[in-house]
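Subject: Structure for your study

Dear colleague,

Please find the structure below, with its sequence. I would ask you to keep it open while reading the notes that follow.

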Amino acid sequence: MSLQLNRSVFGDPAHAGNVLSREEAYGLLNEWVKNERLQLHMKQVAHLMRCWAAEKEGLGEADQWRWEMAGLLHDADWDQWPEQHCKKIIEELEARRIDPEIIHAIASHGPNHFGVAPETKMDKMLYAFDELSGLTHAYSLMRPEGYAGMELKGVKKRFKEKAFAANVNREEIQDAMQRAGVELESIMQFIIEKQGAVC
Ligand SMILES: [Fe+2]
Ligand SMILES: [Fe+2]
């Protein structure tokens with residue numbers, strides 16, 4: 001099964017700035033994603049994207065929502081149509097005339113799978129958060145206190161343990177950090193601080 005998208009242009013520049021309303025985006029999420037764990041993952045990544053846009057990029061509300069929306073819908077087709085991931089959600093957002101930057105971020109959230117390189121900061125941060133968010137959440141589930149009192153050294157330890165959350169590809173995470181020009185530890189710390197709000 002190949003998930004290669006075999007294209008490099010997504011959406012229409014004339015649709016720049018077009019977004020779904022919060023209701024529409026959550027409606028799509030609920031309609032397409034029945035798996036609660038996956039829904040939670042998408043909401044967590046969405047939250048990280050919003051927080052990063054606001055706090056690290058200094059972006060305003062409209063852009064924060066664009067970043068959040070990319071995170072919220074990046075895996076929308078994974079539950080019901082894994083063999084079409086992420087082709088199906090891209091086509092849906094193109095049909096709904098959504099901002100091409102949001103669609104490109106979704107298309108490039110796994111360059112090794114989809115064959116699309118992350119270009120913008122939005123692209124790169126979505127790729128950087130995706131897998132590490134999952135690993136951190138898996139760690140929270142094995143701690144009696146969840147996210148409370150979670151420390152960087154604990155996450156680093158799990159990251160090094162290949163058997164822990166073995167489906168999380170560590171090399172891909174390192175690749176994502178390099179492409180985004182961010183330090184692994186600082187992203188781990190950011191996730192620790194923010195992700196507990198959505199769990
Ligand atoms: Fe994905
Ligand atoms: Fe994901």
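Leaving aside residues up to four places away in sequence, Met49 touches Trp67, Glu68, Ala70, Gly71, Met125, Leu126 and Phe129. Two residues are in contact if their C-beta atoms, placed from the backbone, lie within 7 Å. Please note that this is a predicted model, in which local features need pLDDT of at least 70 and side-chain atom pairs count only at pLDDT 80 or more, while totals for chains, interfaces and linings use all residues. Residues are numbered from 1 along each chain as its sequence is written, and chains are lettered from A and ligands numbered from 1 in the order in which they are written.

Met49 also belongs to the largest nonpolar core, which has 49 residues; Met49, Ala70 and Ile106 touch the most other members. A nonpolar core is a set of buried Ala, Val, Leu, Ile, Met, Phe, Trp, Tyr and Cys residues joined through C-beta atoms within 7 Å. A residue is buried if 20 or more other C-beta atoms lie within 10 Å of its own, exposed if 12 or fewer, and partly exposed in between. Two or more residues of this core come from each of α2 (36–55), α3, α4 (87–95), α5, α7 (121–141), α8 (152–160), α9 and α10 (184–195). The largest share, nine residues, is given by α7. Helices here are DSSP runs (H or I, at least four residues), numbered from the N terminus.

**Two helix contacts**

How do the axes of helix α3 (residues 61–73) and helix α5 (residues 100–107) cross? They come within 9 Å and cross at roughly 40°. Axes are lines fitted to C-alpha atoms, for helices over the stretch in contact, and angles run from 0 to 180 degrees between N-to-C directions. The helices α3 and α5 are therefore oblique to each other. For the terms, angles under 35 degrees count as roughly parallel, over 145 as roughly antiparallel, 65 to 115 as roughly perpendicular and the rest as oblique. Arg66, Met69, Ala70 and Leu73 of α3 meet Glu101, Ile102, Ala105 and Ile106 of α5. These residues divide into six nonpolar, no polar and two charged. In this count, Ala, Val, Leu, Ile, Met, Phe, Trp, Tyr, Cys and Pro are nonpolar, Asp, Glu, Lys and Arg are charged, and the others, Gly among them, are polar.

The axes of α7 and α8 come within 10 Å and cross at roughly 110°, which makes α7 roughly perpendicular to α8. Leu135, Thr136 and Tyr139 of α7 form this contact with Gly154, Val155, Arg158 and Phe159 of α8. Four of the residues are nonpolar, two polar and one charged.

**Backbone exceptions**

Most residues other than glycine have a negative phi, and most peptide bonds are trans. Where is a cis peptide bond found? One joins His85 and Cys86, with omega about -5°, and Cys86 lies in the loop between α3 and α4.

Asn6, which is not a glycine, has a positive phi of about 55°. Asn6 lies in the segment before α1 (22–32) and counts as exposed, with 9 C-beta neighbours inside 10 Å. Ala165 also has a positive phi, near 45°. Ala165 is found in the loop between α8 and α9 and is buried, with 20 other C-beta atoms within 10 Å.

With kind regards
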